[in-house]
Amino acid sequence: MASDADSDTALWWLRRDCRLHDNPALVAAAAADRLLPVYVFDPTRYGTVEYGGANSFAYEKTGGHRTRFRIESVADLRDRLRDRGSDLVVRTGDPASVLPALADRVGADVVHVDARPAPEERTAEKRVEAALDAPLDRRWGHTLYHPDDLPNGVSGIDDTYTPFRKSVESSASIRAPAAVPELPARPSAVDAGEIPDAAALGVDTSPVDDRAAVAFEGGETAALDRLDEYLWETDSLRAYKQTRNGLLGRDYSSKFSAWLNEGCLSPRRVSAAIDEYEKRRVANDSTYWLRFELVWRDFFQFQVAKHGATMFTPGGIRRREVAWQDDPEAFERWTRGETGLPFVDAGMRELNATGYLSNRARQNVASFLANDLRIDWRRGAAYFETRLVDYDPASNYGNWAYIAGVGNDSRNRSFDVLWQAHRYDPDAEYVRRWVPELDGLAAETAHEPWTLPDDERARLEYPEPMIDPETQYGDDA
Ligand SMILES: Cc1cc2nc3c(=O)[nH]c(=O)nc-3n(C[C@H](O)[C@H](O)[C@H](O)COP(=O)(O)OP(=O)(O)OC[C@H]3O[C@@H](n4cnc5c(N)ncnc54)[C@H](O)[C@@H]3O)c2cc1C
(Lines give C-alpha, C1' and ligand atoms only; values in the text may rest on other atoms or scores of the structure.)
Protein backbone atom coordinates (compact mmCIF):
# COMPACT_ATOMS: atom_id res chain seq x y z
CA MET A 1 0.00 0.00 0.00
CA ALA A 2 1.21 3.52 -0.74
CA SER A 3 2.07 6.01 1.98
CA ASP A 4 -0.08 9.05 2.71
CA ALA A 5 -0.08 11.10 -0.43
CA ASP A 6 0.72 14.80 -0.23
CA SER A 7 -0.76 15.13 -3.71
CA ASP A 8 -2.91 18.02 -4.84
CA THR A 9 -5.80 16.09 -6.31
CA ALA A 10 -7.11 12.74 -5.17
CA LEU A 11 -9.91 10.55 -6.46
CA TRP A 12 -11.77 8.52 -3.82
CA TRP A 13 -13.33 5.40 -5.31
CA LEU A 14 -16.17 4.22 -3.07
CA ARG A 15 -17.36 0.67 -3.08
CA ARG A 16 -18.77 -1.11 -0.04
CA ASP A 17 -17.59 1.68 2.26
CA CYS A 18 -20.51 4.09 1.93
CA ARG A 19 -19.74 6.17 5.01
CA LEU A 20 -17.83 9.19 6.20
CA HIS A 21 -17.13 7.99 9.77
CA ASP A 22 -14.13 5.75 10.47
CA ASN A 23 -13.19 5.39 6.82
CA PRO A 24 -9.40 4.98 6.36
CA ALA A 25 -9.59 5.46 2.57
CA LEU A 26 -11.34 8.79 3.11
CA VAL A 27 -8.89 9.86 5.83
CA ALA A 28 -6.02 9.24 3.38
CA ALA A 29 -7.84 10.91 0.50
CA ALA A 30 -8.76 13.98 2.54
CA ALA A 31 -5.06 14.91 2.84
CA ALA A 32 -5.26 16.20 -0.78
CA ASP A 33 -6.15 19.79 -1.70
CA ARG A 34 -8.95 18.67 -4.01
CA LEU A 35 -10.96 15.49 -3.73
CA LEU A 36 -13.27 13.78 -6.20
CA PRO A 37 -15.49 11.13 -4.52
CA VAL A 38 -16.79 8.63 -7.11
CA TYR A 39 -19.19 5.70 -7.00
CA VAL A 40 -19.49 3.44 -10.06
CA PHE A 41 -22.44 1.09 -10.62
CA ASP A 42 -21.00 -1.77 -12.64
CA PRO A 43 -23.86 -3.32 -14.69
CA THR A 44 -22.10 -6.70 -14.85
CA ARG A 45 -22.69 -7.01 -11.09
CA TYR A 46 -26.48 -6.99 -11.52
CA GLY A 47 -27.47 -9.39 -14.29
CA THR A 48 -27.15 -13.14 -14.59
CA VAL A 49 -23.62 -14.39 -14.05
CA GLU A 50 -21.89 -17.75 -14.22
CA TYR A 51 -20.59 -19.40 -11.05
CA GLY A 52 -17.31 -20.60 -12.56
CA GLY A 53 -15.13 -23.63 -11.86
CA ALA A 54 -16.37 -27.19 -11.40
CA ASN A 55 -20.10 -27.75 -12.17
CA SER A 56 -20.71 -24.13 -13.07
CA PHE A 57 -24.23 -22.70 -13.00
CA ALA A 58 -25.96 -19.39 -13.68
CA TYR A 59 -27.52 -17.12 -11.04
CA GLU A 60 -28.55 -13.51 -10.52
CA LYS A 61 -25.70 -11.60 -8.93
CA THR A 62 -27.56 -8.91 -6.98
CA GLY A 63 -31.29 -9.14 -6.38
CA GLY A 64 -33.88 -6.48 -5.60
CA HIS A 65 -33.42 -6.19 -1.84
CA ARG A 66 -29.71 -5.39 -1.95
CA THR A 67 -29.96 -3.27 -5.08
CA ARG A 68 -32.56 -1.04 -3.42
CA PHE A 69 -30.50 -0.83 -0.22
CA ARG A 70 -27.36 0.05 -2.19
CA ILE A 71 -29.06 2.78 -4.19
CA GLU A 72 -30.37 4.29 -0.94
CA SER A 73 -26.89 4.06 0.59
CA VAL A 74 -25.32 5.90 -2.33
CA ALA A 75 -28.04 8.58 -2.26
CA ASP A 76 -27.54 9.12 1.48
CA LEU A 77 -23.78 9.39 1.02
CA ARG A 78 -24.28 11.99 -1.68
CA ASP A 79 -26.50 14.02 0.67
CA ARG A 80 -23.95 13.80 3.46
CA LEU A 81 -21.13 14.90 1.16
CA ARG A 82 -23.22 17.79 -0.17
CA ASP A 83 -23.99 18.88 3.40
CA ARG A 84 -20.23 19.23 3.84
CA GLY A 85 -19.63 21.19 0.67
CA SER A 86 -18.50 18.25 -1.45
CA ASP A 87 -20.46 15.88 -3.72
CA LEU A 88 -20.55 12.31 -4.96
CA VAL A 89 -19.93 11.72 -8.65
CA VAL A 90 -21.98 8.74 -9.81
CA ARG A 91 -21.49 6.79 -13.02
CA THR A 92 -22.77 3.54 -14.49
CA GLY A 93 -20.19 1.52 -16.41
CA ASP A 94 -17.02 -0.49 -16.16
CA PRO A 95 -14.91 0.89 -13.27
CA ALA A 96 -11.76 0.07 -15.25
CA SER A 97 -12.86 2.56 -17.95
CA VAL A 98 -14.81 5.10 -15.91
CA LEU A 99 -12.22 5.69 -13.16
CA PRO A 100 -9.12 6.21 -15.34
CA ALA A 101 -11.11 8.65 -17.51
CA LEU A 102 -12.24 10.65 -14.46
CA ALA A 103 -8.76 10.53 -12.92
CA ASP A 104 -7.29 11.95 -16.16
CA ARG A 105 -9.98 14.59 -16.35
CA VAL A 106 -9.18 16.02 -12.90
CA GLY A 107 -5.47 15.25 -13.04
CA ALA A 108 -5.65 12.93 -10.02
CA ASP A 109 -2.27 12.16 -8.49
CA VAL A 110 -3.63 9.19 -6.58
CA VAL A 111 -6.79 7.06 -6.33
CA HIS A 112 -7.86 5.80 -2.90
CA VAL A 113 -9.98 2.73 -2.29
CA ASP A 114 -11.20 0.54 0.55
CA ALA A 115 -9.24 -2.75 0.30
CA ARG A 116 -11.32 -5.93 0.16
CA PRO A 117 -10.21 -9.55 0.42
CA ALA A 118 -12.72 -11.47 -1.75
CA PRO A 119 -11.43 -12.66 -5.14
CA GLU A 120 -13.96 -10.71 -7.26
CA GLU A 121 -13.29 -7.46 -5.43
CA ARG A 122 -9.52 -8.02 -5.68
CA THR A 123 -9.87 -8.64 -9.41
CA ALA A 124 -11.85 -5.42 -9.81
CA GLU A 125 -9.12 -3.52 -7.96
CA LYS A 126 -6.39 -5.02 -10.11
CA ARG A 127 -8.20 -4.19 -13.36
CA VAL A 128 -8.64 -0.58 -12.27
CA GLU A 129 -5.05 -0.36 -11.05
CA ALA A 130 -3.76 -1.65 -14.40
CA ALA A 131 -5.80 0.93 -16.33
CA LEU A 132 -4.82 3.93 -14.17
CA ASP A 133 -1.86 6.25 -14.72
CA ALA A 134 -2.04 7.29 -11.05
CA PRO A 135 -1.22 4.87 -8.20
CA LEU A 136 -4.05 3.01 -6.42
CA ASP A 137 -3.81 3.42 -2.65
CA ARG A 138 -5.63 0.56 -0.82
CA ARG A 139 -6.70 1.04 2.80
CA TRP A 140 -8.15 -1.74 4.92
CA GLY A 141 -11.09 -0.48 6.94
CA HIS A 142 -13.98 -2.92 7.25
CA THR A 143 -13.00 -5.19 10.15
CA LEU A 144 -12.77 -4.81 13.91
CA TYR A 145 -9.08 -5.78 13.97
CA HIS A 146 -6.65 -4.41 11.42
CA PRO A 147 -4.69 -7.15 9.61
CA ASP A 148 -1.41 -5.49 10.66
CA ASP A 149 -2.44 -5.98 14.30
CA LEU A 150 -3.10 -9.74 14.05
CA PRO A 151 -0.60 -11.56 16.29
CA ASN A 152 0.60 -13.85 13.46
CA GLY A 153 -0.51 -11.86 10.43
CA VAL A 154 -3.23 -12.96 8.01
CA SER A 155 -1.32 -15.98 6.73
CA GLY A 156 -0.76 -17.19 10.31
CA ILE A 157 -4.36 -17.14 11.50
CA ASP A 158 -5.87 -20.37 12.71
CA ASP A 159 -8.48 -22.06 10.51
CA THR A 160 -10.84 -22.63 13.43
CA TYR A 161 -12.66 -19.83 15.14
CA THR A 162 -11.87 -20.36 18.86
CA PRO A 163 -8.06 -20.19 18.61
CA PHE A 164 -8.41 -17.18 16.31
CA ARG A 165 -10.70 -15.42 18.80
CA LYS A 166 -8.45 -16.22 21.74
CA SER A 167 -5.39 -14.93 19.92
CA VAL A 168 -6.96 -11.57 19.07
CA GLU A 169 -8.61 -11.20 22.47
CA SER A 170 -5.31 -11.76 24.25
CA SER A 171 -2.79 -10.17 21.91
CA ALA A 172 -4.43 -7.56 19.66
CA SER A 173 -6.33 -4.37 20.24
CA ILE A 174 -9.06 -2.68 18.27
CA ARG A 175 -8.02 0.69 16.86
CA ALA A 176 -10.10 3.73 17.77
CA PRO A 177 -12.53 4.74 15.02
CA ALA A 178 -11.32 7.66 12.87
CA ALA A 179 -13.26 10.92 12.94
CA VAL A 180 -14.83 12.39 9.80
CA PRO A 181 -12.09 14.55 8.23
CA GLU A 182 -12.51 18.05 6.81
CA LEU A 183 -13.45 17.51 3.17
CA PRO A 184 -11.28 19.15 0.49
CA ALA A 185 -13.00 21.05 -2.31
CA ARG A 186 -14.33 19.03 -5.22
CA PRO A 187 -12.85 19.69 -8.69
CA SER A 188 -15.63 21.51 -10.52
CA ALA A 189 -14.95 20.17 -14.02
CA VAL A 190 -16.99 16.99 -13.47
CA ASP A 191 -20.74 16.65 -13.66
CA ALA A 192 -22.22 14.82 -10.62
CA GLY A 193 -24.30 12.37 -12.68
CA GLU A 194 -27.54 10.54 -11.92
CA ILE A 195 -27.96 7.69 -9.46
CA PRO A 196 -29.55 4.92 -11.55
CA ASP A 197 -32.76 3.28 -10.40
CA ALA A 198 -33.02 -0.49 -10.02
CA ALA A 199 -34.84 -0.86 -13.34
CA ALA A 200 -31.96 0.84 -15.17
CA LEU A 201 -29.71 -1.87 -13.71
CA GLY A 202 -32.15 -4.54 -14.91
CA VAL A 203 -33.23 -5.48 -11.38
CA ASP A 204 -36.81 -5.98 -10.19
CA THR A 205 -37.59 -4.61 -6.76
CA SER A 206 -40.82 -5.15 -4.90
CA PRO A 207 -42.09 -3.21 -1.89
CA VAL A 208 -40.82 -4.44 1.47
CA ASP A 209 -43.21 -7.03 2.93
CA ASP A 210 -44.98 -5.64 5.98
CA ARG A 211 -44.11 -8.81 7.90
CA ALA A 212 -40.40 -7.89 7.64
CA ALA A 213 -38.46 -7.82 10.94
CA VAL A 214 -36.88 -4.52 9.87
CA ALA A 215 -37.51 -2.36 6.82
CA PHE A 216 -33.80 -1.91 6.07
CA GLU A 217 -33.12 1.56 4.76
CA GLY A 218 -29.72 2.02 3.15
CA GLY A 219 -27.24 4.70 4.20
CA GLU A 220 -24.98 5.93 6.96
CA THR A 221 -27.76 8.07 8.44
CA ALA A 222 -30.07 5.09 8.98
CA ALA A 223 -27.11 2.95 10.17
CA LEU A 224 -26.17 5.40 12.93
CA ASP A 225 -29.85 5.73 13.88
CA ARG A 226 -30.12 1.96 14.24
CA LEU A 227 -26.96 1.83 16.39
CA ASP A 228 -28.48 4.46 18.63
CA GLU A 229 -31.84 2.72 18.75
CA TYR A 230 -30.49 -0.76 19.54
CA LEU A 231 -28.13 0.36 22.30
CA TRP A 232 -29.56 3.51 23.83
CA GLU A 233 -33.24 3.88 22.97
CA THR A 234 -34.49 0.33 23.38
CA ASP A 235 -31.64 -0.88 25.58
CA SER A 236 -31.81 -4.17 23.68
CA LEU A 237 -28.07 -4.86 23.94
CA ARG A 238 -28.53 -5.62 27.64
CA ALA A 239 -30.17 -8.98 26.80
CA TYR A 240 -28.62 -9.77 23.40
CA LYS A 241 -27.12 -13.10 24.50
CA GLN A 242 -30.56 -14.34 25.61
CA THR A 243 -32.52 -13.01 22.63
CA ARG A 244 -30.10 -13.51 19.72
CA ASN A 245 -31.63 -16.85 18.65
CA GLY A 246 -35.00 -15.21 18.09
CA LEU A 247 -36.94 -15.44 14.85
CA LEU A 248 -39.49 -12.66 15.01
CA GLY A 249 -39.26 -8.93 15.64
CA ARG A 250 -36.95 -5.98 15.38
CA ASP A 251 -34.75 -6.26 18.44
CA TYR A 252 -33.89 -9.92 19.13
CA SER A 253 -30.61 -9.18 17.32
CA SER A 254 -28.89 -5.97 16.26
CA LYS A 255 -29.81 -6.09 12.51
CA PHE A 256 -26.53 -4.22 11.87
CA SER A 257 -25.50 -6.66 9.13
CA ALA A 258 -26.87 -4.86 6.07
CA TRP A 259 -25.23 -1.58 7.08
CA LEU A 260 -21.96 -3.28 8.02
CA ASN A 261 -21.77 -5.07 4.69
CA GLU A 262 -22.56 -2.08 2.52
CA GLY A 263 -20.04 -0.15 4.61
CA CYS A 264 -22.55 2.33 6.04
CA LEU A 265 -21.45 1.32 9.53
CA SER A 266 -17.94 0.64 10.79
CA PRO A 267 -17.52 -2.34 13.17
CA ARG A 268 -15.03 -0.25 15.17
CA ARG A 269 -17.73 2.35 15.65
CA VAL A 270 -20.00 -0.40 16.97
CA SER A 271 -17.24 -1.61 19.27
CA ALA A 272 -16.63 1.91 20.60
CA ALA A 273 -20.37 2.26 21.24
CA ILE A 274 -20.32 -1.06 23.16
CA ASP A 275 -17.43 0.30 25.28
CA GLU A 276 -19.46 3.39 26.04
CA TYR A 277 -22.56 1.33 26.83
CA GLU A 278 -20.51 -0.81 29.20
CA LYS A 279 -19.37 2.32 31.03
CA ARG A 280 -22.74 4.03 31.19
CA ARG A 281 -25.25 1.14 31.40
CA VAL A 282 -24.00 -2.38 31.95
CA ALA A 283 -21.12 -4.72 31.08
CA ASN A 284 -22.39 -8.30 30.92
CA ASP A 285 -22.36 -11.48 28.82
CA SER A 286 -24.55 -9.77 26.21
CA THR A 287 -22.20 -6.84 25.64
CA TYR A 288 -19.34 -9.33 25.34
CA TRP A 289 -21.36 -11.46 22.93
CA LEU A 290 -22.14 -8.77 20.39
CA ARG A 291 -18.41 -8.13 19.97
CA PHE A 292 -17.88 -11.91 19.92
CA GLU A 293 -20.15 -12.05 16.84
CA LEU A 294 -18.25 -9.22 15.18
CA VAL A 295 -15.10 -11.29 15.73
CA TRP A 296 -16.82 -14.10 13.78
CA ARG A 297 -17.28 -11.59 11.00
CA ASP A 298 -13.57 -10.71 11.14
CA PHE A 299 -12.67 -14.38 11.15
CA PHE A 300 -14.37 -14.99 7.80
CA GLN A 301 -12.85 -11.83 6.29
CA PHE A 302 -9.36 -13.00 7.22
CA GLN A 303 -10.11 -16.54 6.11
CA VAL A 304 -10.94 -15.24 2.63
CA ALA A 305 -7.80 -13.09 2.68
CA LYS A 306 -5.80 -16.21 3.58
CA HIS A 307 -7.43 -18.88 1.39
CA GLY A 308 -8.78 -16.81 -1.52
CA ALA A 309 -10.76 -18.63 -4.22
CA THR A 310 -10.44 -22.04 -2.50
CA MET A 311 -13.19 -20.95 -0.10
CA PHE A 312 -15.62 -20.87 -3.00
CA THR A 313 -14.92 -24.38 -4.34
CA PRO A 314 -17.18 -27.45 -3.76
CA GLY A 315 -14.71 -29.07 -1.31
CA GLY A 316 -13.85 -25.77 0.43
CA ILE A 317 -10.60 -25.12 2.26
CA ARG A 318 -10.56 -28.70 3.46
CA ARG A 319 -10.72 -29.84 -0.16
CA ARG A 320 -13.21 -32.52 0.78
CA GLU A 321 -14.50 -34.87 -1.86
CA VAL A 322 -18.29 -34.83 -1.51
CA ALA A 323 -20.69 -36.30 -4.08
CA TRP A 324 -22.99 -33.27 -4.18
CA GLN A 325 -26.32 -34.00 -5.88
CA ASP A 326 -27.49 -32.08 -8.91
CA ASP A 327 -31.28 -31.99 -8.57
CA PRO A 328 -32.71 -28.81 -10.11
CA GLU A 329 -36.30 -29.62 -9.14
CA ALA A 330 -35.46 -30.20 -5.48
CA PHE A 331 -33.36 -27.04 -5.49
CA GLU A 332 -36.27 -25.02 -6.92
CA ARG A 333 -38.64 -26.36 -4.26
CA TRP A 334 -36.18 -25.25 -1.60
CA THR A 335 -35.88 -21.75 -3.12
CA ARG A 336 -39.67 -21.35 -3.23
CA GLY A 337 -40.18 -22.53 0.35
CA GLU A 338 -42.13 -25.63 -0.69
CA THR A 339 -40.09 -28.42 0.86
CA GLY A 340 -42.92 -29.62 3.12
CA LEU A 341 -40.77 -28.89 6.19
CA PRO A 342 -42.57 -25.85 7.66
CA PHE A 343 -39.55 -24.47 9.51
CA VAL A 344 -37.45 -24.51 6.34
CA ASP A 345 -40.27 -23.12 4.21
CA ALA A 346 -40.91 -20.27 6.64
CA GLY A 347 -37.24 -19.29 6.41
CA MET A 348 -37.08 -19.38 2.63
CA ARG A 349 -40.28 -17.39 2.28
CA GLU A 350 -39.02 -14.77 4.74
CA LEU A 351 -35.76 -14.54 2.80
CA ASN A 352 -37.56 -14.14 -0.54
CA ALA A 353 -39.98 -11.53 0.77
CA THR A 354 -37.59 -9.43 2.85
CA GLY A 355 -33.93 -10.18 2.02
CA TYR A 356 -33.24 -10.88 5.68
CA LEU A 357 -33.20 -14.00 7.81
CA SER A 358 -32.16 -14.58 11.42
CA ASN A 359 -28.97 -16.51 12.01
CA ARG A 360 -30.96 -19.44 13.41
CA ALA A 361 -33.14 -19.69 10.30
CA ARG A 362 -30.12 -19.30 7.99
CA GLN A 363 -28.42 -22.23 9.67
CA ASN A 364 -31.49 -24.43 9.33
CA VAL A 365 -32.35 -23.72 5.70
CA ALA A 366 -28.68 -24.09 4.74
CA SER A 367 -28.31 -27.35 6.60
CA PHE A 368 -31.47 -28.72 5.00
CA LEU A 369 -30.13 -28.05 1.50
CA ALA A 370 -26.55 -29.16 2.07
CA ASN A 371 -26.91 -31.95 4.63
CA ASP A 372 -30.41 -33.36 4.07
CA LEU A 373 -30.83 -32.91 0.32
CA ARG A 374 -27.03 -33.08 -0.29
CA ILE A 375 -27.33 -30.45 -3.01
CA ASP A 376 -24.14 -28.53 -3.85
CA TRP A 377 -23.89 -25.98 -1.04
CA ARG A 378 -22.57 -23.33 -3.47
CA ARG A 379 -25.96 -23.24 -5.21
CA GLY A 380 -27.58 -22.40 -1.90
CA ALA A 381 -24.91 -19.83 -1.14
CA ALA A 382 -25.37 -18.27 -4.58
CA TYR A 383 -29.12 -18.11 -3.98
CA PHE A 384 -28.45 -16.28 -0.71
CA GLU A 385 -26.07 -14.00 -2.62
CA THR A 386 -28.92 -12.96 -4.89
CA ARG A 387 -31.49 -12.50 -2.15
CA LEU A 388 -29.75 -11.22 0.96
CA VAL A 389 -29.88 -7.53 1.74
CA ASP A 390 -26.77 -8.08 3.90
CA TYR A 391 -24.78 -10.34 1.59
CA ASP A 392 -21.05 -10.41 2.07
CA PRO A 393 -18.86 -12.92 0.17
CA ALA A 394 -16.77 -13.94 3.19
CA SER A 395 -19.63 -14.18 5.72
CA ASN A 396 -21.98 -15.92 3.33
CA TYR A 397 -19.73 -18.48 1.66
CA GLY A 398 -17.78 -18.97 4.91
CA ASN A 399 -20.93 -19.80 6.90
CA TRP A 400 -22.34 -22.01 4.16
CA ALA A 401 -19.10 -23.98 3.85
CA TYR A 402 -18.97 -24.36 7.63
CA ILE A 403 -22.49 -25.82 7.73
CA ALA A 404 -21.86 -28.02 4.68
CA GLY A 405 -18.86 -29.52 6.47
CA VAL A 406 -16.24 -28.20 4.06
CA GLY A 407 -15.30 -25.14 6.08
CA ASN A 408 -13.44 -24.25 9.19
CA ASP A 409 -14.61 -26.99 11.49
CA SER A 410 -14.31 -30.74 11.17
CA ARG A 411 -17.37 -31.44 13.32
CA ASN A 412 -20.61 -32.55 11.67
CA ARG A 413 -22.71 -29.39 11.39
CA SER A 414 -25.89 -31.14 10.26
CA PHE A 415 -28.99 -29.76 11.97
CA ASP A 416 -31.98 -31.75 13.16
CA VAL A 417 -34.39 -29.27 11.62
CA LEU A 418 -37.39 -30.67 13.42
CA TRP A 419 -35.76 -30.49 16.85
CA GLN A 420 -34.65 -26.94 16.01
CA ALA A 421 -38.19 -25.99 14.99
CA HIS A 422 -39.70 -27.13 18.30
CA ARG A 423 -36.84 -25.65 20.32
CA TYR A 424 -36.73 -22.20 18.75
CA ASP A 425 -40.33 -21.80 17.61
CA PRO A 426 -42.21 -23.58 20.41
CA ASP A 427 -45.55 -21.93 19.65
CA ALA A 428 -45.07 -22.21 15.87
CA GLU A 429 -45.62 -18.47 15.66
CA TYR A 430 -42.78 -18.03 13.17
CA VAL A 431 -43.96 -20.86 10.95
CA ARG A 432 -47.54 -19.60 10.91
CA ARG A 433 -46.38 -16.05 10.12
CA TRP A 434 -44.61 -17.15 6.95
CA VAL A 435 -46.57 -20.26 5.96
CA PRO A 436 -50.18 -19.10 6.20
CA GLU A 437 -51.47 -22.47 4.91
CA LEU A 438 -50.68 -23.76 8.41
CA ASP A 439 -52.55 -21.03 10.24
CA GLY A 440 -55.07 -22.53 12.63
CA LEU A 441 -53.02 -25.66 13.37
CA ALA A 442 -51.79 -26.37 16.88
CA ALA A 443 -48.07 -25.73 17.44
CA GLU A 444 -47.13 -29.41 17.41
CA THR A 445 -48.88 -30.17 14.10
CA ALA A 446 -47.90 -26.87 12.49
CA HIS A 447 -44.31 -28.15 12.64
CA GLU A 448 -45.29 -31.68 11.56
CA PRO A 449 -48.32 -31.47 9.27
CA TRP A 450 -47.54 -34.94 7.87
CA THR A 451 -48.75 -36.37 11.20
CA LEU A 452 -52.32 -35.16 10.54
CA PRO A 453 -54.98 -37.61 9.36
CA ASP A 454 -55.08 -37.93 5.56
CA ASP A 455 -58.33 -35.98 5.05
CA GLU A 456 -57.09 -33.01 7.10
CA ARG A 457 -53.76 -33.11 5.30
CA ALA A 458 -55.48 -33.05 1.93
CA ARG A 459 -57.35 -29.86 2.89
CA LEU A 460 -54.15 -28.01 3.81
CA GLU A 461 -52.79 -27.42 0.29
CA TYR A 462 -49.32 -27.76 1.71
CA PRO A 463 -46.72 -30.11 0.15
CA GLU A 464 -45.67 -33.48 1.56
CA PRO A 465 -42.12 -33.39 2.99
CA MET A 466 -39.33 -33.90 0.47
CA ILE A 467 -37.51 -36.14 2.89
CA ASP A 468 -38.77 -38.69 5.37
CA PRO A 469 -38.43 -36.83 8.69
CA GLU A 470 -38.36 -40.06 10.67
CA THR A 471 -35.42 -41.48 8.74
CA GLN A 472 -33.64 -38.16 8.57
CA TYR A 473 -34.06 -36.96 12.12
CA GLY A 474 -34.63 -40.15 14.07
CA ASP A 475 -37.44 -41.63 16.13
CA ASP A 476 -38.39 -38.37 17.82
CA ALA A 477 -39.58 -36.96 14.51
C1 LIG B 1 -25.77 -19.85 5.80
C2 LIG B 1 -25.44 -18.50 6.39
C3 LIG B 1 -25.18 -17.42 5.56
C4 LIG B 1 -24.85 -16.17 6.10
N5 LIG B 1 -24.61 -15.12 5.25
C6 LIG B 1 -24.26 -13.92 5.78
C7 LIG B 1 -23.97 -12.81 4.92
O8 LIG B 1 -23.98 -12.91 3.69
N9 LIG B 1 -23.70 -11.61 5.52
C10 LIG B 1 -23.66 -11.47 6.88
O11 LIG B 1 -23.42 -10.39 7.38
N12 LIG B 1 -23.88 -12.50 7.69
C13 LIG B 1 -24.20 -13.71 7.20
N14 LIG B 1 -24.45 -14.75 8.05
C15 LIG B 1 -24.22 -14.58 9.50
C16 LIG B 1 -25.43 -14.15 10.35
O17 LIG B 1 -26.52 -14.99 10.10
C18 LIG B 1 -25.83 -12.69 10.10
O19 LIG B 1 -24.70 -11.85 10.21
C20 LIG B 1 -26.86 -12.22 11.12
O21 LIG B 1 -27.98 -13.06 11.12
C22 LIG B 1 -27.26 -10.78 10.80
O23 LIG B 1 -28.21 -10.31 11.69
P24 LIG B 1 -27.80 -9.28 12.83
O25 LIG B 1 -27.05 -8.15 12.25
O26 LIG B 1 -29.02 -8.96 13.59
O27 LIG B 1 -26.81 -10.17 13.71
P28 LIG B 1 -26.37 -10.04 15.24
O29 LIG B 1 -26.71 -11.34 15.89
O30 LIG B 1 -26.87 -8.82 15.86
O31 LIG B 1 -24.77 -9.99 15.14
C32 LIG B 1 -24.06 -8.75 15.04
C33 LIG B 1 -23.16 -8.80 13.84
O34 LIG B 1 -22.18 -9.82 13.99
C35 LIG B 1 -21.85 -10.39 12.73
N36 LIG B 1 -22.19 -11.82 12.75
C37 LIG B 1 -23.06 -12.46 13.54
N38 LIG B 1 -23.04 -13.79 13.30
C39 LIG B 1 -22.14 -13.97 12.31
C40 LIG B 1 -21.66 -15.12 11.62
N41 LIG B 1 -22.09 -16.36 11.87
N42 LIG B 1 -20.75 -14.94 10.63
C43 LIG B 1 -20.28 -13.71 10.33
N44 LIG B 1 -20.68 -12.60 10.96
C45 LIG B 1 -21.60 -12.73 11.95
C46 LIG B 1 -22.70 -9.67 11.71
O47 LIG B 1 -21.95 -8.63 11.15
C48 LIG B 1 -23.86 -9.12 12.54
O49 LIG B 1 -24.44 -7.97 11.97
C50 LIG B 1 -24.78 -16.02 7.52
C51 LIG B 1 -25.05 -17.11 8.35
C52 LIG B 1 -25.38 -18.34 7.80
C53 LIG B 1 -25.66 -19.49 8.71
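Is serine 395 buried or exposed? Serine 395 is buried, because its relative accessible area is 18% (buried means under 20%, exposed over 50% and partly exposed in between, using a 1.4 Å probe and protein chains only).

## What you are looking at

This is a predicted model, where local features need pLDDT of at least 70, side-chain atom pairs count only at pLDDT 80 or more, and totals for chains, interfaces and linings use all residues. Residues are numbered from 1 along each chain as its sequence is written, and side-chain values use heavy atoms, with hydrogens and water left out.

## Around serine 395

You'll find serine 395 in helix 15 (helices are DSSP runs of H or I with at least four residues, strands are runs of E with at least two, and both are numbered from the N terminus). Setting aside neighbours within four places in sequence, serine 395 is in contact with Arg297, Phe300 and Gln301 (contact means heavy atoms within 4.5 Å).

## Helix 9 against helix 10

Helix 9 (residues 267-280) packs with helix 10 (residues 285-307) at an angle of about 165°, and their axes are 10 Å apart. Axes here are lines fitted to C-alpha atoms, for helices over the stretch in contact, and angles run from 0 to 180 degrees between N-to-C directions. That makes the two helices roughly antiparallel (over 145 degrees; under 35 is roughly parallel, 65 to 115 roughly perpendicular and the rest oblique).

On the helix 9 side, the residues that meet helix 10 include Pro267, Ile274 and Tyr277, and among their helix 10 counterparts are Tyr288, Leu290 and Arg297. The residues of this contact divide into 7 nonpolar, 2 polar and 4 charged (Ala, Val, Leu, Ile, Met, Phe, Trp, Tyr, Cys and Pro count as nonpolar, Asp, Glu, Lys and Arg as charged, and the others, Gly among them, as polar).

## Aromatic pairs

A search of the whole structure turns up 33 aromatic pairs (rings of Phe, Tyr and Trp, the last by its six-membered ring, pair if their centres lie within 6.5 Å; planes under 30 degrees apart are stacked, over 60 edge-to-face and the rest tilted). Tryptophan 140 and phenylalanine 302 are stacked, at 5.7 Å centre to centre with 15° between the planes. They sit 162 residues apart, with tryptophan 140 in the loop between strand 7 (136-139) and helix 5 (161-171), and phenylalanine 302 in helix 10. Tryptophan 140 counts as buried at 9% relative accessibility, and phenylalanine 302 does at 0%.

Tryptophan 334 and tryptophan 400 make an edge-to-face pair, 6.0 Å centre to centre with 80° between the planes.
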